[in-house]
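This report describes a few places in one protein model. Look at the sequence and the structure first, then read on.

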Amino acid sequence: MARATSLYVCQSCGAQSRQFFGRCSSCGSWNTLVEQTATPTDNRRRRPVAAAPEAAMPAAPRRSEPIAAVGDRPLQRLGSGYGELDRVLGGGLVPGSLVLLGGDPGIGKSTLLLQSAQAMAARHSVLYVSAEESAQQVKLRWRRLAEEQGELSPVTAQEAGGAGLQLLAETDLELVLQELEALRPAVAVIDSIQALHDGELGSAPGSVAQVRECAAALARIAKRQDTALLLVGHVTKEGMLAGPKVLEHLVDAVLTFEGDRFASHRLLRAVKNRFGATHELGVFEMRGQGLTQVLNPSELFLGSDEPSAGTATIVACEGTRPLVVELQALVSTTSYSSPRRTATGIGTNRLHQILAVLEKHLGLPLSRFDCYLAVAGGLEVEEPAADLGVAAAVVASYRDLTLPPGTVLIGELGLGGQLRPVAQLEQRLQESARLGFRRAVVPKGSGLGRLAAGLDLQLLEAGGVAEALVAALGVNPADDRA
Ligand code: TYD
Ligand code: MG
């Protein structure tokens, strides 16, 4: 009989130790170790390796097979009712898969899943398990959404032959599992995994042991009866999925729902996806009547029509989707001993690097100026393809120049001041032309002259940053008389 012992489990990464530490020795987070009483499970004894010669050993049954002989099972995906969500999932929900949706409190996770559960209920059996809100609360929200959006009305669901949406307000894992087995839904939403509670474990809801056990039990049942599970997960102050790193390994896809709480748009991304590409982006807008899809997100990230000094337009690629985005820079004389550099939406290191390149290769004394940079609409642009746009916005603000309207800038800056080619240039040009842009400054040797002519887009190719800025601004920014 195994003896019960004390174990300290990190609530962030799940690492275990016999001793208490203020700081987890595995992931480095502070004050995350929590005592748990655990009964060590008997490690199953491995079969002793026989020392006898091979010939004497009985042939063990083979369980592997040639990969080409593995039976094909076509992946039947279930549409979530929202094209933007389907895109991020890689084309829809896969039966038997687990999808974790993380995001800050109040960002709209419950709203998104309730809306798509309702949309899916028109064609499939769907169970919505609310462990955080009471059935009344969910119903109130559902009714408000249903009234505002005609497509969500229960009448249309029944007309389409769907069974409608089933709701269960429950925190006890055992009862949730029983309901899943009784109902065998095609899709089930669990809102949220941290609020579920397995009575057999001693620890509190939301602790690593609880979350891991609950998710593993749900995963087993989902795989067994081919139910696609959507789990809501909380995010800590630091933006990590709360508690369980372990959970990220267990699920098939991790989506994050993010956005500025003060702006209305919300971005849905896949951080991990076993059934599709990551880096795909879905864009929603939170309105009074719930979330609506933004099918044309570029318009969201373009600022005013009036061109102003220090503004440049870039084309960022999020997954396969090009987004035309406006950048603004403000360069002003510093009153500090070391100048201030603040960037929203672009890494500060990237900004430092671009400023250094401009200082060195254009001879602009930017180290005596403060520099602020912002991306419109609160988007995070990680791509180096935005470099040229940043450089143009900074130089335009420094010289008080306005870029000619209808110009986009695409290119990565090398430390030597050269302009490097970027991926997916073709899609970027097509999106710019679609939105009415007429000039594009791009790295040399794109070979897309023909395409640009067809798009009625003037293609200005440049080999270096100085050349590109002259082409974009029409004057030489390095020239002091400019
Ligand atoms: P919710 O889905 O409860 O967020 P989460 O589950 O991620 O915590 O969303 C709550 C926020 O969304 C709340 O602040 C109000 C806002 N909201 C709207 O603006 N319009 C709506 O129609 C709904 C349902 C919510
Ligand atoms: Mg919620």
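A residue counts as buried under 20% relative accessible area, as exposed over 50%, and as partly exposed in between. The model discussed here is predicted. Cys 27 has a relative accessible area of 37%, so this residue is partly exposed. Cys 317 has a relative accessible area of 9%, so this residue is buried.

A disulfide is a covalent bond between the sulfur atoms of two cysteines. The structure holds zero disulfides.

## The shell around ligand 1

Ligand 1 is surrounded by 15 residues, and the closest are Gly 106, Lys 109, Ser 110, Thr 111 and Gly 290. By type, three residues of the shell are nonpolar, seven are polar and five are charged. Helix 2 (109-120), helix 3 and strand 11 (281-287) each provide at least two residues of this shell. Helix 2 gives the largest share, three residues.

Ligand 1 taken alone exposes 560 Å², and the protein buries 71% of that.

## Glu 133

Where does Glu 133 lie? Glu 133 is in the loop between strand 5 (126-130) and helix 3 (135-148). Its side chain makes a polar contact of 3.1 Å with the side chain of Arg 141. Apart from neighbours within four places in sequence, the residues in contact with Glu 133 are Ser 110, Val 138, Arg 141, Ala 169 and Asp 191.

Technical notes:
Residues are numbered from 1 along each chain as its sequence is written. Chains are lettered from A and ligands numbered from 1 in the order in which they are written. This is a predicted model: local features need pLDDT of at least 70, side-chain atom pairs count only at pLDDT 80 or more; totals for chains, interfaces and linings use all residues. Side-chain values use heavy atoms; hydrogens and water are left out. Helices (H or I, at least four residues) and strands (E, at least two) are DSSP runs, numbered from the N terminus. A polar contact is a pair of N or O atoms within 3.5 Å; within protein, one must be able to donate a hydrogen and the other to accept it, and residues adjacent in sequence count only if both atoms are side-chain atoms. Contact means heavy atoms within 4.5 Å. A disulfide is a pair of cysteine sulfur atoms within 2.5 Å. Buried means under 20% relative accessible area, exposed over 50%, partly exposed in between (1.4 Å probe, protein chains only). A residue is near a molecule or strand if one of its heavy atoms lies within 4 Å of it. Accessible areas come from the Shrake-Rupley method with a 1.4 Å probe; for residues, only the protein chains shown count as cover. Ala, Val, Leu, Ile, Met, Phe, Trp, Tyr, Cys and Pro count as nonpolar, Asp, Glu, Lys and Arg as charged, and the others, Gly among them, as polar.
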